[in-house]
Amino acid sequence: ISFRDPVVKAVTDSVKAEMERVVNTKIGYSPFDLNILDDAKRQAVRFMETNAGDIVADAFRYVAQADIALTNGGGLRTSVKAGELTHGSVLDLLPYDNQLCTIPLKGSEIYDILNTCCAMSPAESGDFPQVSGLRFTLRQGGVKPCVSDVMVLDAETGDYLPLVQDAVYKVATINYCISGGGFASLLRGRTDYETLPFLYSDALVKYVTEALGGNIPERYAKPEGRITIMR
């Protein structure tokens, strides 16, 4: 015997239809994969720079109008195949209810985050940072400190300048990396951050549609070289 309330069915059908409409909404096109895996199918986003990490971090920095963006590799969950980019494929990549935030951090605090969260590479760590507005060298193999030559992008000139330990930078990240235990809980307890009205997936949609005009450019075909790995 089948029991089906026509009113309930009408509501659930409308919800399903709306979900399908949202996830199938076209937001752009990528001529190449946006990868979180390496050729061996390891979670590369958890131990090295990836092109998916580059574009996500750039989206955070753009939407938040920040100097730097840092996000945990563990928050990127699925590679996006080349071709039509939909809201659903963005949600596959960034599926959580993480909110975009900004927080003022000293150069010394940024340096501590990088050193702490990169220390396990090449082993996988969900805290491994994907970055925008930064370049640095990572020496693998248990060397301490493992990070050196940290450089910050000057948005006006396009040049990279040395990170200043006492300078304060506006950093874009997600609430999980501040209050949720990400970045080895180094920022837990901070109250001087602003939560923006964007999920982290919304930030990527906004960046692709608004800043990139719906077409992901060739510069994202491969990792840009923001993290130089020395073995």
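Is C177 buried or exposed in this structure, and what is its relative accessible area? C177 is buried, with a relative accessible area of 0%, where buried stands for under 20% relative accessible area, exposed for over 50% and partly exposed for what lies in between, using a 1.4 Å probe and protein chains only. The model is a predicted one, in which local features need pLDDT of at least 70 and side-chain atom pairs count only at pLDDT 80 or more, while totals for chains, interfaces and linings use all residues. Residues are numbered from 1 along each chain as its sequence is written, and side-chain values use heavy atoms, with hydrogens and water left out.

The structure holds 0 disulfides, a disulfide being a pair of cysteine sulfur atoms within 2.5 Å. C117 is in no disulfide, and the nearest cysteine sulfur to its own, that of C118, is 7.0 Å away. C177 is likewise in no disulfide, with the sulfur of C117 as the nearest cysteine sulfur, 8.0 Å away. C117 counts as buried because its relative accessibility is 2%.

From here we turn to the sheets. Helices (H or I, at least four residues) and strands (E, at least two) are DSSP runs numbered from the N terminus, and two strands pair if DSSP finds at least two bridges between them. Strands of a sheet pair through backbone hydrogen bonds, either parallel or antiparallel.

Strand β9 (residues 168-174) is mostly covered, as 5 of its 7 residues are buried. With strand β2 (residues 68-72), β9 pairs in the parallel sense over 2 bridges, and A69 stands opposite A172 in β9. With strand β4 (residues 99-106), β9 pairs in the antiparallel sense over 7 bridges, and here the bridge partner of L100 is I174. Strand β4 is also joined to β10 by 3 bridges, the two running antiparallel, with Q99 standing opposite L199 in β10.

N72, found in strand β2, is buried, with a relative accessible area of 4%. Leaving aside residues up to four places away in sequence, N72 touches G126, D127, F128, I174, Y176, C177 and F183, where contact means heavy atoms within 4.5 Å. K106, which lies in strand β4, is partly exposed, with a relative accessible area of 41%. With the same exclusion of residues up to four places away in sequence, K106 touches Q165, D166, A167, V168 and Y169; K106 and Y169 are 63 residues apart in sequence, yet their C-alpha atoms are 6.1 Å apart in space.

At 1.5 Å a residue, the 12 residues of α6 (residues 200-211) should span 16 Å, and the end C-alpha atoms are 16 Å apart, which agrees; the expected span is 1.5 Å times one less than the number of residues. Within α6, Y200, S201, A203, L204, V205, Y207 and V208 are buried. Just after α6, G213 takes a positive phi of about 65°.

Another open sheet has 4 strands in the order β8-β7-β6-β11, with mixed pairing. Here β8 (160-162) and β11 (227-230) stand at the edges, and since each has a single partner strand, one side of each is left without a neighbour in the sheet. The twist averages 25° from one strand to the next. Strand β6 (residues 134-139) is joined by 4 bridges to strand β7 (residues 147-153), the two running antiparallel, and L138 stands opposite V147 in β7. Helix α4 (residues 107-118) packs on this sheet as well, touching β6 and β7, and its direction makes about 130° with that of β7.

Technical notes:
Axes are lines fitted to C-alpha atoms, for helices over the stretch in contact, and angles run from 0 to 180 degrees between N-to-C directions.
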